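The following paragraphs lead through selected features of the structure shown here.

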Amino acid sequence: MGSSVALPRLLRQPRPAENAATPGATPADYTLTIATKPIELAPNRIISVATYNGQFPGPLLRFKEGQRVTIDVHNDTDTPEQLHWHGQLISTDIDGSAEEGTPFIPPHGSRRISFEPKPAGFRFYHTHVRAGANLANGQYSGLVGPVYIEPKQNPGNYDREVFLTLKEFQPTLSRGGDMAQDFLSPAQTVAALKESSERSMKASLAKGNPHGYEVGYDLFTVNGRMLGHGEPIRVKTGQRVLFYILNGSATEIRSLALPGHTFSVIAIDGNPLPKPVRVPGLWLGTAERISAVLEMNHPGVWIMGDLANDDRHQGMGIVIEYAGAKGKPQWLSQKPFKWNYALFGNPTAPSAQPDEVFEMLFEKQNAALDGFNQWTINGVAYPADQMSAKPSFHLHEGKRYRIRMRNASDDIHPIHLHRHSFELTRIAGQPTSGIFKDVVMVGGYQEAEIDFVANNPGLTLFHCHQQLHMDFGFMTLFDYV
Ligand SMILES: [Cu+2]
């Protein structure tokens with residue numbers, strides 16, 4: 001389970017600094033080298049993408065909560081890079097977001113960073129540069145890797161752990177295309193949001209605009225291998241296996257099921273649930289994580305895979321093989337199931353009321369940017385340059401804030417808040433509490449509310465995690481005043 005990390009290269013003496021320095025003669029705890037390398041997804045499917053340490057996914061980094069780590073990041077590519085520590089409560093100089101002021105890792109340059117990992121749980125790291133129209137850049141690449149921060153006390157009751165990163169490769173652009181929506185529950189939409197969105201879309205099409213670009217993929221992988229081309233997960237009857245599943249996609253929502261088995265979800269986005277919840281399968285928006293225990297009580301050779309037949313046939317699955325079982329891996333068609341975040345929480349509103357409520361309206365301007373859709377929050381698109389912009393929302397340390405999001409578009413948006421965790425307090429009209437996350441899917445024409453405590457001063461980026469949305473305006477900044 002150890003991560004494969006190379007020894008740091010000897011460069012020059014380190015400068016004294018709190019969180020960041022130049023890599024030097026003192027060895028770092030971990031080294032990550034960003035470089036474009038061939039990756040074999042299957043014997044006849046070898047692609048060339050930017051990777052961490054020449055592998056996909058990047059090495060699993062296991063940290064201990066609160067125990068300081070030093071990491072050297074080398075950038076062996078020709079473009080500036082940002083390495084974002086997704087889901088961690090760390091400072092802006094190392095969070096890995098140029099919008100918050102984190103310095104870029106220069107092309108053919110290096111940066112040493114140091115921080116105390118927190119909170120405990122399943123996190124990840126990924127590139128945080130814009131791709132725009134360049135589908136080799138940003139998270140379309142192979143720059144994604146899992147992080148596990150061990151809690152000070154380990155409450156686990158399982159026999160082994162398995163980390164799975166779901167990710168597509170070979171992206172292409174197309175005009176329009178509909179996103180599956182019908183898995184989200186409640187399905188309740190807001191008529192006013194739908195009407196305004198449809199009015200704006202009609203007006204755009206009437207002016208002769210085509211539908212804005214969407215991204216699709218040819219190759220689908222679990223842990224960088226297409227279904228049937230990686231090592232199976234070998235299990236024994238009676239084992240309890242804890243799966244840590246990461247949707248590492250740049251743009252896609254993924255589903256996952258294992259015929260004959262039920263998932264007992266214990267944490268989402270790495271944060272423990274009030275109680276484990278059993279579900280027949282999983283849905284994960286871009287950048288979401290699920291920790292779930294599977295009891296191995298249905299012997300056979302099975303495909304754990306995506307519900308979408310096309311995506312599974314193109315590789316989105318992995319084989320689960322029981323000891324002693326033989327034969328071709330089997331998939332059984334699954335009964336559709338709904339994904340309702342409120343299932344994982346308490347069916348009551350949170351006891352704490354916010355000190356202030358921020359209203360946010362999400363809108364799409366069809367094909368407004370050279371054929372790409374432009375995205376706005378309260379009518380404002382984040383500037384096209386990847387730099388700090390004027391913060392739109394202001395925080396006072398220690399106060400509790402509610403963000404009321406209204407989605408006037410037909411897309412699902414996996415919304416992410418940097419450097420803070422938030423609590424889901426209302427999803428499509430339904431109150432809930434006790435679910436702490438850092439990404440939440442907001443359904444088409446739906447509303448959602450999240451609460452967070454301003455407990456980590458500094459610029460704080462809020463954005464849709466769908467690469468095509470964040471790159472074309474769907475971002476905003478909070479500051480502490
Ligand atoms: Cu989005």
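In this predicted model, helix α1 is followed by G208, a residue whose phi is positive, near 95°. The helix itself comprises residues 191–206. With 16 residues at 1.5 Å a residue, α1 should span 22 Å, and the distance of 22 Å between its end C-alpha atoms therefore agrees with that expectation.

L193, S197, M201 and S204 are buried. These residues lie on the same side of α1, because the arc they cover around the axis is only 60°. R199, K202 and A206, on the other side of the helix, are exposed. What do the buried residues of α1 pack against? Their partners are three strands: β21 (356–369), β24 (400–408) and β30 (447–453).

The second topic is the metal site. The copper ion is coordinated by ND1 of H413, SG of C464 and ND1 of H469, at 2.0 to 2.1 Å. Along the chain, the donors of the copper ion follow the spacing H-x50-C-x4-H.

Terms used:
Residues are numbered from 1 along each chain as its sequence is written. This is a predicted model: local features need pLDDT of at least 70, side-chain atom pairs count only at pLDDT 80 or more; totals for chains, interfaces and linings use all residues. Side-chain values use heavy atoms; hydrogens and water are left out. Helices (H or I, at least four residues) and strands (E, at least two) are DSSP runs, numbered from the N terminus. The expected span of a helix is 1.5 Å times one less than its number of residues. Buried means under 20% relative accessible area, exposed over 50%, partly exposed in between (1.4 Å probe, protein chains only). The arc is that of the directions from the helix axis to the C-beta atoms. Contact means heavy atoms within 4.5 Å. Donors are N, O and S atoms within 2.8 Å of the metal (3.2 Å for Na, K and Ca); water is not among the atoms, so sites may look incomplete.
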